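Colleague: I am new to reading models like this one. Could you take me through some features, one at a time?

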Amino acid sequence: MKFFHGRIMPYLIAGLFILMLGVGWLGHQAVNRVADITETLYEQPLASWTAVLRIDANLHSMQRSMKDIVLSASELDIIQQIILVDNAEARILEDFKILRVHFPGNSVLVDEALQRFQAWRKIREQVIQLSLDGRRAEAALTTQTQEQQQVREIEDRIDVLLEIARKNSRDFLSASQKLRDNLRWLILLGLGVALVLAVWIARR
């Protein structure tokens, strides 16, 4: 019996060594996979979601500035609000570029939202010019009859983009957490088997 144990012991030790290597390899793969998931999360779901959130925030900022333009009696105040509108518009266009690359849904939805947003510019220019000319009543009427409707159309499409981006981010995080849990259990299982085998060898 001792002879048998003496012959089998090197194989058990080799098996334990191989098992530990396997657990180490699994740990290494887990770290790499988590790194890949983090990078993918930033480049795709998270990037598109935060881009839509910024578009929505800047859109509301533009709306506030346009209301201030209509209500302003000073040309200087109007010009200051125009600068704010132009800056917010530039930020929105940059975020639309991000969406056209990373948006997880149908790109047609992004194009439709962008088209509605760009169509708003002509109406804004009309309102701004009326305000600069001192024709505040006409500027207010144009805002009520044209601008508000155009903004609602933009917001409706932004809401669709936001919901798709949010759902995609949620699904991606859920899948990532599931993968992480599976890898954790595999590593723990390997360590458990290695521990049992090590104890068994030590007792022999």
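Colleague: Which residues form a nonpolar patch on the surface?

Modeller: This is a predicted model. Residues in a patch each have over 30% relative accessible area. Here the nonpolar patch consists of Ile79, Ile83 and Leu132, which together have about 230 Å² of accessible area.

Colleague: Is isoleucine 83 buried, partly exposed or exposed, and what is the reason?

Modeller: Buried means under 20% relative accessible area, exposed over 50%, and partly exposed in between. Isoleucine 83 has 46% relative accessibility, so it counts as partly exposed. The residue lies in helix 3, residues 75-102.

Colleague: How are helix 3 and helix 4 oriented to each other?

Modeller: Angles over 145 degrees count as roughly antiparallel. Helix 3 and helix 4 (residues 107-132) pack at an angle of about 170°, and their axes are 12 Å apart. The two helices are therefore roughly antiparallel. Among the residues making the contact are Ile78, Ile82 and Phe96 of helix 3, and Leu114, Phe117 and Leu132 of helix 4.

Colleague: Why is serine 48 classed as buried?

Modeller: The cut-off for buried is under 20%. Serine 48 has a relative accessible area of 0%, so it is buried. It lies in helix 2, residues 45-71. Leaving aside neighbours within four places in sequence, serine 48 is in contact with Leu99, His102, Phe103, Pro104 and Ala165.

Colleague: What is glutamine 146 in contact with, beyond its neighbours within four places in sequence?

Modeller: Ile123 and Gln126. Glutamine 146 is in helix 5, residues 136-203, and at 33% relative accessibility it counts as partly exposed. From glutamine 146 to valine 127 the C-alpha to C-alpha distance is 9.8 Å, with the two 19 residues apart in sequence.

Methods:
Residues numbered from 1 in each chain as written. Predicted model: local features only at pLDDT ≥ 70, side-chain atom pairs only at ≥ 80, totals over all residues. Heavy atoms only, no water. Patch = residues over 30% accessible without salt bridge, like charges linked within 9 Å, V, L, I, M, F, W, Y side chains within 5 Å. Areas by Shrake-Rupley, 256 points an atom, 1.4 Å probe, with all protein chains shown as cover. Salt bridge = Lys/Arg side-chain N within 4 Å of Asp/Glu carboxyl O. Helix = DSSP H or I, 4+ residues; strand = E, 2+ residues; numbered from the N terminus. Buried < 20%, exposed > 50% of the residue type's maximum accessible area, 1.4 Å probe, protein only. Contact = heavy atoms within 4.5 Å. Axes fitted to C-alpha atoms, helices over the stretch in contact; angles between N-to-C directions. Parallel < 35°, antiparallel > 145°, perpendicular 65-115°, else oblique.
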